Amino acid sequence: ATPIVSGVAAMLLQREPSLTPAALKAKLVSTATIGAIDFSSIPLQYRNVTPNKFVYIPGSCGDVINALGNGIISSPNSPDPYPGKISCLWTITGLAKVQVQLNVTFVSLEAPSDTLKVCSQPSCSGSSLLATQTGDLGNTSLLYFAPSTGASLWVSLQINSINSGNRTGFKASFITDY
């Protein structure tokens, strides 16, 4: 499936998590046939990006992303200050012959209590921990790669502070088709 189909499937599954694979396929076919796919939740600045190459993941608190293409993840409430006392985990997986690349482009976290971790395993500890970021790095470009093709990267946001003040979290782009 192309990323746009994957994105629509993900939206449908969020609305109706009990859909079976067959029911999801039927819903995708009928939705596409009647032209009822709703892109209104995608911010205007991202709507004119080539749809089969871009996946926009809004500032949610974690997600499982199986994608071929490009996308953006960000902290909850982004670009506004993030909420306190949350733990988020994003899993980004490419296809079998594709490697995942993550570019952290913005970091504004309360140091040392709030952290962003990039990991090669969901546990985000020991040798699977590729990087830990905290504090105000502002606009930046920090590149991380999955350890092998078909592998995943995990991005963990741990907010221990009660209030972020004016800190806005992080923003990162991922590429799974380079």
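The structure is a predicted model, in which local features need pLDDT of at least 70 and side-chain atom pairs count only at pLDDT 80 or more, while totals for chains, interfaces and linings use all residues. Residues are numbered from 1 along each chain as its sequence is written, and side-chain values use heavy atoms, with hydrogens and water left out.

Five strands form an open sheet with mixed pairing, in the order β2-β4-β9-β6-β7. Strands here are DSSP runs (E, at least two residues; helices would be H or I, at least four), numbered from the N terminus, and two strands pair if DSSP finds at least two bridges between them. The edges are taken by β2 and β7 (129-133), each with a single partner strand, so one side of each is left without a neighbour in the sheet. On average, neighbouring strands of this sheet are turned by 15 degrees against each other, direction ignored; the axes behind this value are lines fitted to C-alpha atoms (for helices over the stretch in contact), with angles running from 0 to 180 degrees between N-to-C directions. Strand β6 (residues 115-119) and β7 run antiparallel and are joined by four bridges. Within β7, A131 is the bridge partner of V118.

Turning to the covalent links, the structure holds two disulfides, a disulfide being a pair of cysteine sulfur atoms within 2.5 Å. With bonded cysteines counted along the chain, their pattern is 1-2, 3-4. One of them is formed by C61 and C88, whose sulfur atoms are 1.9 Å apart. This link is left-handed, with -100 degrees about the S-S bond. The pair connects distant parts of the chain, 27 residues apart: C61 sits in the loop between β1 (54-56) and β2 (63-66), and C88 in strand β4. Accessibility is described in three classes (buried under 20% relative accessible area, exposed over 50%, partly exposed in between; 1.4 Å probe, protein chains only). C61 counts as partly exposed at 38%, whereas C88 is buried at 2%.

The disulfide of C119 and C124 has an S to S distance of 2.0 Å. Its link is right-handed, with 115 degrees about the S-S bond. C119 is buried, with a relative accessible area of 0%, and C124 is buried as well, at 8%. C124 belongs to the loop between β6 and β7 and, although not a glycine, has a positive phi of about 55 degrees.

A search of the whole structure finds one aromatic pair, where rings of Phe, Tyr and Trp (its six-membered ring) pair if their centres lie within 6.5 Å, and planes under 30 degrees apart count as stacked, over 60 as edge-to-face and the rest as tilted. W90 and F170 form this edge-to-face pair, at 5.4 Å centre to centre and 80 degrees between the planes. W90 lies in strand β4 (residues 86-93) and F170 in strand β10 (residues 169-175), so the contact ties together parts that are 80 residues apart in sequence. W90 is buried at 0% relative accessibility, and F170 is buried at 1%.

R167 forms a salt bridge with E110, with 3.0 Å between the closest N and O atoms. R167 is buried, with a relative accessible area of 18%, while E110 is partly exposed at 27%.

Finally, some loops carry backbone features worth a look. The peptide bond from S78 to P79 is cis, with omega near 10 degrees, and P79 is found in the loop between β3 (70-74) and β4. K85 lies in the loop between β3 and β4 too; this residue has a positive phi of about 55 degrees although it is not a glycine, and counts as exposed at 57% relative accessibility. The peptide bond from A111 to P112 is also cis, with omega near -5 degrees, and P112 is placed in the loop between β5 (101-108) and β6.

How values were computed: Salt bridge = Lys/Arg side-chain N within 4 Å of Asp/Glu carboxyl O.
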